[in-house]
Amino acid sequence: MAIAVCPGSFDPVTNGHLDIISRSARVFDKVIVAVLVNSKKNPLFSTDERVEMLRQVTAHLPNVEVDSFEGLLIDYMKKKQAQVLVKGLRAVSDFEYEMQMASVNRMLDDEIETFFVMTNNQYSFLSSSIVKELARYDAKVTDLVPPLVEKALQERIGNQA
Ligand code: PNS
């Protein structure tokens, strides 16, 4: 059984993430979406909130499960017996960092492969940071995130103001 892991901060999940996750779910037997705990990035949403939003927006995908992890991704993947690490590539600017990560991960365990999925063109500019920035300035993010994430952003950022 081919098990893939889609790791990330998902602060919050965007339609771009969802595109990569759902396309991966068509290829692999099981896809584990793994939310990084203790991100240095000072997240807007807690790990539990990020996991819960992901669970709700992937509920229609029966072979997708959502989890969180701490420490090295490779160690988590071994524990889950996952063989493939899936990352989305948006633009050339992603390439250098992703190449570095894939090389380090291969050095740590050469039995785990990193597969890159080209992001759908319509999401090539999209990131969680951009979505948060737009939401802070009260711009519409309806086309960029699932409705429940839009609501959560309004509530969280509205509460901060
Ligand atoms: O959504 P992000 O923030 O780009 O995701 C980055 C992530 C979670 C994939 C990356 O930071 C990660 O794998 N962190 C866990 C620590 C690790 O294994 N690092 C790679 C070797 S240095």
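Visitor: Why is Phe 10 called buried?

Guide: Phe 10 has a relative accessible area of 5%, and buried means under 20%, exposed over 50% and partly exposed in between, computed with a 1.4 Å probe on protein chains only, so Phe 10 is called buried. This is a predicted model, in which local features need pLDDT of at least 70, side-chain atom pairs count only at pLDDT 80 or more, and totals for chains, interfaces and linings use all residues. Residues are numbered from 1 along each chain as its sequence is written, and side-chain values use heavy atoms, with hydrogens and water left out.

Visitor: What makes the backbone of Phe 10 worth a remark, given that it is not a glycine?

Guide: Its phi is positive, at about 50°, whereas most residues other than glycine have a negative phi. Phe 10 sits in the loop between E1 and H1, where strands (E, at least two residues) and helices (H or I, at least four) are DSSP runs numbered from the N terminus.

Visitor: How do you know that the peptide bond between Asp 11 and Pro 12 is cis?

Guide: Its omega is about 0°, and Pro 12 also belongs to the loop between E1 and H1.

Visitor: Is Asp 138 buried or exposed, and why?

Guide: Asp 138 has a relative accessibility of 73%, and therefore counts as exposed. Asp 138 lies in the loop between H5 and helix H6 (147-160), and has a positive phi of about 65° although it is not a glycine.
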